[in-house]
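Here's a quick briefing on a few spots worth a look. Have the model open while you read.

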Amino acid sequence: MAAQWSVLLLTCQRGGCVSAFQRELEARRLRGGLGPRPPPLLLAVEDPWARLGSGGATLNALLVAAEHLSARAGCTVVSSDVLREARILILHMGRDFSFDDCGRAFTCLPVEEPGALAEALVCNLDSLLATMTHRLCVGSPPGVWVCSTDMLLTMPSAPGIDWDGFQGVRVIAVPGSQVYARNHGVYLADEQGLVHDIIYKGTEAQIQQCAGPNGTVPLVCGVVFFSSDAAEQLLATHVIPPLDACTYMGLDSGAPPIQLSLFFDIVLCMAGGMMEEDFVKGGGDTRVRSARSVLWTALRAFPLSMACIPDASYDYMTTSASNHIHSLTLLPRSASHLRFCKTAHSHVDPSLLEDGSSVTNCLLEGAVRLAAGSVIQHCHLQGPLEIGPGCLLSGLAAGSSPALQGCPLRDIVLQGHHVRLDNLPCRVFTLTGRLDDWQSPADAATYLNVPWAEFFHRTGIQEGDLWDAEMPRRSRCLLSARLFPVLHACEALGLEDVLWLLAPAAVAGERLARWRAAWRMSWQELLPCLDKAAELGARRALFFLQGQRKVRRVLLGRQDSSLLPLIRSAVHEGYHEAVLGTLDDVASTAGDTGIAARALACIADVLGCMARGEGGLRSGPAANREWASAFRHLESGDIASGVQELAAERQKWMSRPALLVRAARHYEGAEQILIRQAVMSSCQFVTVRQVELPPLGHWVQVTCPARLDLSGGWSDTPPITYEHGGAVVDVAVLVDGCRPIGARVRRISELELRLVSLGGTPQSEAAVELVCRELEHLQDYCQPHAPGALLKAAFICTQVVQFPSQKPLRVQLMESFGGGFEVHTWSKLPHGSGLGTSSILAGAVMASLYQAAGKAASTESLIHAVLHLEQRLTTGGGWQDQVGGLVPSIKIGRSKAQLPLRVEVQKISVPTGFTQTLNNHLLLVYTGKTRLARNLLQDVVRNWYARLPSAVQNADALVSNAEECAQALRQGNLLLIGKCLDRYWQQKKCMAPGCEPLAVGRMMDALRPYVYGQCLAGAGGGGFLYVLTKGPQQKEALHQILAKTEGLGNFSIHSIEVDTGGFSVEVVGCDPKDSAHPREDVAM
């Protein structure tokens, strides 16, 4: 479950780059970071005044939300009625932050989210959004949630808040220690959870009064919920002076500014222990007291309750560098939805990072060593570098590396900032110590972790260099010290212009004059000049720069990491061209067809993402002539030229979604060419020997069983089979007592190829007959749906016919065989049966054709020859079907994660009598549904190349389940075999979603009580269902059950038996019926 927001607002300080923050919100919507149903309204709202306070910012944001909702409702004025059913989330960015130029909300956390739709940096804002949307606010009524972003908040997955009959306002608290509470706010509440007071930095006695039975106190954590009624009343105050000054309308009306606190001016007025006179007098000046009086009148009637969440925690993001570094290197509590990691979204050698360090959004090249207790964020550095403990480095570009080499870095905070002075952009570096305090008077404070006096002595800097003479000594602090060079009249400034502040006295003297000659600013003066848009842009650019390195690392290292989330982000953020360039380079230079094929698949994913769900289905034809030249290069083995031509052609197809989708299809077509080349490495395992040529006119007839795949299917599919490794348990079966698939071949005196497809049996009439007399009649052999394509491919792959060749077909046939060939094929099984028909038929044709041509091939050779044929045919199948139909009985086929692709088959020995037990318990149910999903294979290959975590995990599970099934067969354990079948069906559905039609689901539901396990044969989607029944000989019983089940259509039940003999080859005499030739269709 998740809270469904009507409006999400992010408030920021005046002059705080509201457009940059609006872009960040929109980016999160695009990449799915705001959930499957993001808020219809995303608004970054600028505070109307510089020091508005959290209370004023809340009122202004509430007005903006109501105004936008009113406009959407067709109102011409702001109507509070729009708040009745609205769910509004207001996030306050708050004050500037010493350790992140974009504030606490956009402070990056060392987190990666492998399950995210799009890969992105995880900021504190994202963490809070997830906590509020998926945990804290689930189940709450309509109203307004307000949340600060100045803390790291951890909530359990089920906070357990009771919303029944809720009225008024509720504050959220987390349990904390009384020691921690001395510097924070706590709630004083009764046993019913009603708040009596809010105590900030209270005395020990006051804090003790708030403690619960376990000694903890409810800490204020910056989260408040206003019911719709309370929100309406609060909104109504925006027109009443002086509260009107809190809103942009007040600014536009000329009202003088006012500062209000959310907790101590708005929430506190509803506390049960508060008296009106004390509350109003507690305001600072007259205008604040007047505002408090208005708030008391408007809100006092609402009860203020508290929900203190057990196991929750919060960590306020202070200005202490030590605390900040600690929070980024300490593992979150178990209740957190986050999992911190040592390296997040970074290109780095992890062996150079000590435990307890943290690297986020960085590109660290060479030997960059990082000690424990140190953090690097948003840096591009080049080694050799040594970064000692206690350091925070942020915002440093590669050009900074020379200055850092040899510099002692320990317990320092070194940051690069994007600054804009009027319209002049520039880079400024700041350097402070981990132990320094920003606001302590210099007389009693440190700089770079040493007393100021010691710093002055070592560097030669004087107080007058940093502070004006008229500045009071109590105001002279690190915050106001003009330490940091910004501009120089003659020279460019760089990192070395602050690093010298660490240098010993002998070196410091050389830099002092240059430092004094520069125009310098204090951190206090720099804060308003920070260019947040430029900083966010630089982080984004660095993220995709290290992302390009990740693309290379994953592809060249053959890692099972998905690049699709990164691709989605690149498209959303406009970095797709950079990613495409990297993929082009990897594909053309890798020198490996497997790596190149995956790179081309990734390019197809980029193009598909760019279409943004428009332009049609990803799967489709890929034979447009414009791409033919590139394809020819790939077919010839010239991958570099092929990739180059693909990229050139791609540029013509980028203008609209329909073209992008078609281009993606052609990239998948190019990838299939490389897969074919990889699979055809299996040809080296095809060996053929010469045997006696059968007499002219004598048939060589082969009949084959069907196959049942009991587990592991899809793991035999290229490229999965040679990149991951495959294992499939198959059974050769007779259907209704016979071998249903067959072929026969004979030599004939005519110099032609006569290709005949019979009906269901060898005695059937010819359904289709085709005669090929010229080589060009074979040229469509690679188009699977062309008439006779499989038989044409068989003649070419067995090398009975050389194609292409300068020799005409008639000459080839006369010279080699003294005549032509006639081929008949048949199958009793319906199209799309799932029993491996086409591959087994290919094996039958090749076996009979080899022998009719005076050759012989072993079963192992036939298995690999069919792989070769199906690649030439471009159907791209795996090896399990021919293993199932050509090898007798029960067996397991395996392939290793390597090329050349070799299939090894092992017979599974079962207990005596168990084969007959299987025969008694196995049944075949024809579902009456023909598989229509012709693109299942493309979808599976696409998901594999994308390395979707579900696809990788499922490939592992398929192989392990196959081994478990083999073991269950060896034991003769029907129950375990049934479990493997059921598990296998779930794995098939994971690999190819949509392969279970509704009628099949109903059929399986009806049969479930009577079977140990069941599964659709083959890829699913229709065809045959095989079941392992609990009782023997259950054909009639199952028929009665299914006959009573509605919505099944024309089903039928068939007996099956394990075929222990395997396929048969026999030479038979001439058929007397052959003198009457059926009608001929001459191939053109």
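In this predicted model, helix α20 (residues 576–589) packs against helix α21 (residues 593–610) at an angle of about 160°, with the two axes 8 Å apart. Anything over 145 degrees counts as roughly antiparallel, so that's how α20 runs relative to α21. As for handedness, the α20 and α21 crossing is left-handed.

**The α20/α21 pair**
- On the α20 side, the contact is made by H576, V579, L580, L583, D584, V586 and A587.
- Across from them, α21 brings in I595, A596, A599, L600, C602, I603, V606 and M610.
- An α-helix has 3.6 residues a turn, so residues three or four places apart point the same way.

**More on α20**
- With 14 residues, α20 reaches 20 Å from first C-alpha to last, close to the 20 Å you'd expect at 1.5 Å a residue.
- Which residues of α20 are buried? They're H576, V579, L580, T582, L583, D584, V586 and A587.
- Those buried residues pack against quite a list of helices: α18 (532–556), α19 (564–573), α21, α23 (639–650) and α24 (657–679).
- Just past the end of α20, G591 takes a positive phi of about 70°.

- Over at residues 53–72, α2 has 20 residues and spans 29 Å between its first and last C-alpha, close to the expected 28 Å.
- Is α2 mostly covered or mostly open? Mostly covered, with 14 of its 20 residues buried.
- H68 sits in α2, and its relative accessibility is 32%, so it counts as partly exposed.
- Leaving aside residues up to four places away in sequence, H68 touches L41 and L43.
- If you're hopping around the model, H68 and V375 are 307 residues apart in sequence and 42 Å apart in space, C-alpha to C-alpha.

**H1054 in strand β40**
- You'll find H1054 in β40, which covers residues 1052–1058.
- Buried or exposed? H1054 has 18% relative accessibility, so it counts as buried, given that the cut-off is under 20%.
- The H1054 side chain makes a polar contact with the side chain of D736, at 2.8 Å.
- Apart from residues up to four places away in sequence, H1054 touches V735, D736, L923, L924, Y926, F1024 and K1035.

Note on methods
Residues are numbered from 1 along each chain as its sequence is written. This is a predicted model: local features need pLDDT of at least 70, side-chain atom pairs count only at pLDDT 80 or more; totals for chains, interfaces and linings use all residues. Side-chain values use heavy atoms; hydrogens and water are left out. Helices (H or I, at least four residues) and strands (E, at least two) are DSSP runs, numbered from the N terminus. Buried means under 20% relative accessible area, exposed over 50%, partly exposed in between (1.4 Å probe, protein chains only). A polar contact is a pair of N or O atoms within 3.5 Å; within protein, one must be able to donate a hydrogen and the other to accept it, and residues adjacent in sequence count only if both atoms are side-chain atoms. Contact means heavy atoms within 4.5 Å. The expected span of a helix is 1.5 Å times one less than its number of residues. Axes are lines fitted to C-alpha atoms, for helices over the stretch in contact, and angles run from 0 to 180 degrees between N-to-C directions. Angles under 35 degrees count as roughly parallel, over 145 as roughly antiparallel, 65 to 115 as roughly perpendicular and the rest as oblique. A crossing is left-handed if the near helix is turned anticlockwise from the far one by less than a right angle, and right-handed if clockwise.
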